[in-house]
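Please examine the sequence and the structure shown here before reading on. The report after them is arranged by topic.

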Amino acid sequence: MNKPLSFLLRPTSLKNIIGQSHLINNKYGLITKMVENNFLANLIFYGPPGVGKTSMAISIAKDLNAKFEFFNASNDKKDKLQKLIDSSNHEEQLVLIIDEIHRMNRNIQDYLLEYIESKKVIVFLTTTENPYFVINPAIRSRCTILKLQEINTQEMKEGLKRVIKNNNIELNIEQDAFDNLCELSNGDLRVALNAIEIITNLYSKEKVNNEVIKSIFDQAVTKGTGEGDEYHDLKSALQKSIRGSDVDASLHYWARLMAIGDYEVLMRRMIIMAYEDIGLANPTITVRVYQACQIFRQIGMPEGRIILGLAIIEMALSEKSNSSYLALEKALEDVKQGLAPPIPPYLRDNHYKNAHKLGHGIGYKYAHDYPNDWVDQQYLPDEIKDITYFEFKPHSAYEKKLMEIYIKFTNKNNIK
């Protein structure tokens, strides 16, 4: 079976790496300095798919004339790792390139730690996920984390032209179509090279235009997956945009999450936002968002996008209040810290024989026996009787009305 073009054209020197100018430059570039000074160090290459993490690891090893071996954490077994480590000797330092380290279980990571510590091997680790979440802290502390950036469209254009020229690839393509190919690749060099492979094999006898590019891509490559760091960043950006009432940003991040297709996770986050960030400013939003999610499950795609999109717009444009969220978090934290004084006797359960002998329920004032169904009575234990958890945010009409009702019943006119 022929290997894909993206594999065959993988860079073997830093001079052929596309992008990552923050790491490869003649001024302060860390990778450039490593090669100039013939220095090996444990590295973690962290970034989205297709930006050249493995290619950079290979290029550094080759430029330093270091012996290196591969281990893929997705499918290679521990015994292979043991054999690779055993093959190392102190005369020639072994660089162990471990792809997808986030898929390696913690037990094997712990096993690897001993050899990193003793410098029996130098490790180059690659991951698409946040290393602070997926890599053993002891290993992480012995490595330098390099955050690789997405390849922008201009870098993609210049890099692909260099690859095409250096490898004598015959590509008969219109400039607009080539530019479109670079944009639709969305920063993923592997995707761009795969597209070029299709063009050279299937369209070598014709001038490639935008119609051909459209037939290859159908749509732009979606950044983020159901498990990568980009995915979590998208969810975070969506919530912060809705919280900030930016409807356009909200729709943008929502659309990117919809393109990934993990609708259940998206809807779960939408319901959370309705309660956490809108709350009492618009309490009916929680019901409407939940109903929108239920209707989406019934209708499905593509029509279901209209229902979820409408809910996103309404949440973004709604008044916001996190007063309830702040209050419940403060109360939960107090209890977590051990703040749980005895319940006043008159509030304790007295629905059993002889409860009065313990003083339970004696002196309790039944609110419904008083005008407006309210009576001035202390409910908190003496030790925390003056504590305040809930604070109104009267900028929203609904919460302002709640505050007015509360003041009317309680005569607490000193509320801000």
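## Basis of the description

This is a predicted model, in which local features need pLDDT of at least 70 and side-chain atom pairs count only at pLDDT 80 or more, while totals for chains, interfaces and linings use all residues. Residues are numbered from 1 along each chain as its sequence is written, and side-chain values use heavy atoms, with hydrogens and water left out.

## Domains

The domain assignment divides the protein chain into domain 1 (20-147), domain 2 (153-222), domain 3 (228-320) and domain 4 (335-410). These bounds come from an automatic or database domain assignment. The centres of domain 2 and domain 4, taken over C-alpha atoms, are separated by 69 Å.

Strands (E, at least two residues) and helices (H or I, at least four) are DSSP runs, numbered from the N terminus. Strand S4 (residues 121-127) is largely enclosed by the rest of the structure, because seven of its seven residues are buried. Here buried means under 20% relative accessible area, exposed means over 50%, and partly exposed lies in between (1.4 Å probe, protein chains only). Val121, Val123, Leu125 and Thr127 point one way from S4, and Ile122, Phe124 and Thr126 point the other way.

Two strands are taken to pair if DSSP finds at least two bridges between them. Strand S3 (residues 94-99) runs parallel to S4 and is joined to S4 by five bridges, with Leu94 opposite Val121. From S3 the chain passes through helix H5 (residues 106-117) to S4 in a right-handed β-α-β crossover; right-handed means that, with the strands pointing away from the viewer, the path from the first strand over the helix to the second runs clockwise.

## Strand S1

Strand S1 (residues 43-46) is parallel to S4, and four bridges join the two. S1 also pairs in the parallel sense with strand S5 (residues 144-147), again over four bridges. Ile44 has Leu125 as its bridge partner in S4 and Ile145 as its bridge partner in S5. Leu43 and Phe45 point one way from S1, whereas Ile44 and Tyr46 point the other way, and all are buried.

## Loop residues

Asn65 lies in the loop between helix H3 (53-63) and strand S2 (67-72). Asn65 counts as exposed because its relative accessibility is 70%. The C-alpha atoms of Asn65 and Val35 are 9.9 Å apart, although 30 residues separate the two along the chain.

Tyr379 is found in the loop between helix H17 (323-336) and helix H18 (397-410). With a relative accessible area of 42%, Tyr379 is partly exposed.
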